[in-house]
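Please examine the sequence and the structure shown below. The briefing that follows describes how parts of the chain are arranged.

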Amino acid sequence: MPTPRIILLLTLSTLLALCACTGDSITDDSPSDPVVDDDGTIFVDGIAIEPAEPELVLSDEEWRERLSDEEYEILRSHGTEPAFSGDLLDNDAQGAYVCAGCGHELFSSETKYDSETGWPSYWEPIGEDSVGTEIDESFNMLRVEVHCAHCAGHLGHIFPDGPDPTGLRYCINSLALNFEPAQ
Ligand SMILES: [Zn+2]
């Protein structure tokens, strides 16, 4: 069992990471209340909330066997890695970023950009069925959570401060990704 001191340190580092990952949305630009359109789809800051129905469903024990402790903390416990700590942050090679939990293709190097936030950032997923979204109200914040559509593993969050053409920032944990270089 972790000691109370370790738990405190983990909590503090998580809070620091969250503050950094929200960027300036923690100030006056905090997200507006959810909006529901005529079809019943919920939008937060213009981002549609569309949870994925995972095809790969494993037990907690199976996930612990499959993932490292660090990967498990992000993918299965909604953790956030410390800013500027990820191996893939500065990776600018051509290729695809796949889910570290199941290998599902998530992002292309074509849409990766330097957001200067400390996490790998993309302005669009690689395909329409790559990711799902959910409302995340943890830590008294309203955010859009993004997860792998195949295994529902937590990847990060989406913020409406990205570059053209989408204006979105997919703020993704390096630990949730594996990189597959283009052939
Ligand atoms: Zn996955």
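In this predicted model, strands β9 and β10 form a hairpin with five residues between them. Within the turn, Ala152 has a positive phi of about 65 degrees.

**Strand β9 and its partners**

- Strand β10 covers residues 154–159 and pairs with β9 in the antiparallel sense over four bridges.
- His147 has His154, in β10, as its bridge partner.
- β9 also runs antiparallel to strand β8 (residues 131–136), to which six bridges join it.
- Asp136 has Arg143, in β9, as its bridge partner.
- The hairpin of β8 and β9 has six residues between the strands, and Phe139 takes a positive phi near 60 degrees there.
- Strand β9 (residues 143–148) is largely enclosed by the rest of the structure, because five of its six residues are buried.

**A three-stranded open sheet**

- Three strands make up an open sheet in the order β1-β2-β3, with antiparallel pairing.
- β1 (35–36) and β3 (47–48) are at the edges with a single partner strand each, so one side of each has no neighbour in the sheet.
- Two bridges join β1 to the antiparallel strand β2, which comprises residues 42–44.
- Val35 has Phe43, in β2, as its bridge partner.

**The chain as a whole**

- The protein chain contains three helices and twelve strands.
- Of its 183 residues, 31% count as buried.
- Among contacts in the protein chain with a separation of 6 or more, 61% involve residues 24 or more positions apart.

How values were computed
Residues numbered from 1 in each chain as written. Predicted model: local features only at pLDDT ≥ 70, side-chain atom pairs only at ≥ 80, totals over all residues. Pairing = 2+ DSSP bridges. Buried ≥ 20, exposed ≤ 12 C-beta atoms within 10 Å, placed from the backbone. Contact = placed C-beta atoms within 7 Å.
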